[in-house]
Amino acid sequence: AIDVINSGSIEEANNFENYFKIYPNPVNEVINICKLNYNSISNTRVKLFNNKLSLINSFDFDADQLQVDTKNLSPGIYYIFLYSNLECKVSKFIKI
């Protein structure tokens with residue numbers, strides 16, 4: 001997982017796995033996003049970007065799990081930005 005910091009750069013997030021689990025990676029048809037500590041995370045917005053950081057889609061994520069259909073995505077590297085009441089987290093995944 002990667003984390004966006006104030007300087008505009010991207011670096012590895014140390015605590016991403018404490019809040020969200022994204023699997024499988026690489027993905028073929030559906031990627032799952034799970035909130036691991038559902039009670040402490042609210043108002044989550046998910047944004048999906050391609051490797052050029054062009055927005056592909058966005059979703060509100062109020063449940064404990066979200067499935068994102070990736071069947072129509074071309075093979076390559078993608079980013080999932082997760083905005084919540086806690087902070088913004090970013091995770092990279094590979095579409096095969």
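**View 1. The protein chain is built from strands.** Have a look at the secondary structure: there are nine strands and zero helices. Reading from the N terminus on, the elements follow the order β-β-β-β-β-β-β-β-β.

**View 2. Inside the protein chain, some residues are buried.** The protein chain has 96 residues, and 35% of them count as buried.

**View 3. Thr 70 sits in a loop.** You can find Thr 70 between β7 (65-69) and β8 (76-83). Is this residue buried or exposed? Thr 70 counts as buried because its relative accessible area is 0%, and the cut-off for buried is under 20%. Leaving aside residues up to four places away in sequence, Thr 70 touches Val 27, Asn 28, Glu 29, Val 30 and Ile 31, and also Phe 93 and Lys 95.

View 4. The average pLDDT of the protein chain is 82, and 81% of the residues score at least 70. Over residues 1-13, however, the pLDDT is below 50. This stretch still has 27 contacts in the model beyond near neighbours in sequence. A friendly word of caution: where pLDDT is low, the predicted coordinates should not be read in detail.

Definitions and conventions
Residues are numbered from 1 along each chain as its sequence is written. This is a predicted model: local features need pLDDT of at least 70, side-chain atom pairs count only at pLDDT 80 or more; totals for chains, interfaces and linings use all residues. Side-chain values use heavy atoms; hydrogens and water are left out. Helices (H or I, at least four residues) and strands (E, at least two) are DSSP runs, numbered from the N terminus. Buried means under 20% relative accessible area, exposed over 50%, partly exposed in between (1.4 Å probe, protein chains only). Contact means heavy atoms within 4.5 Å. pLDDT is the predictor's confidence in each residue, from 0 to 100.
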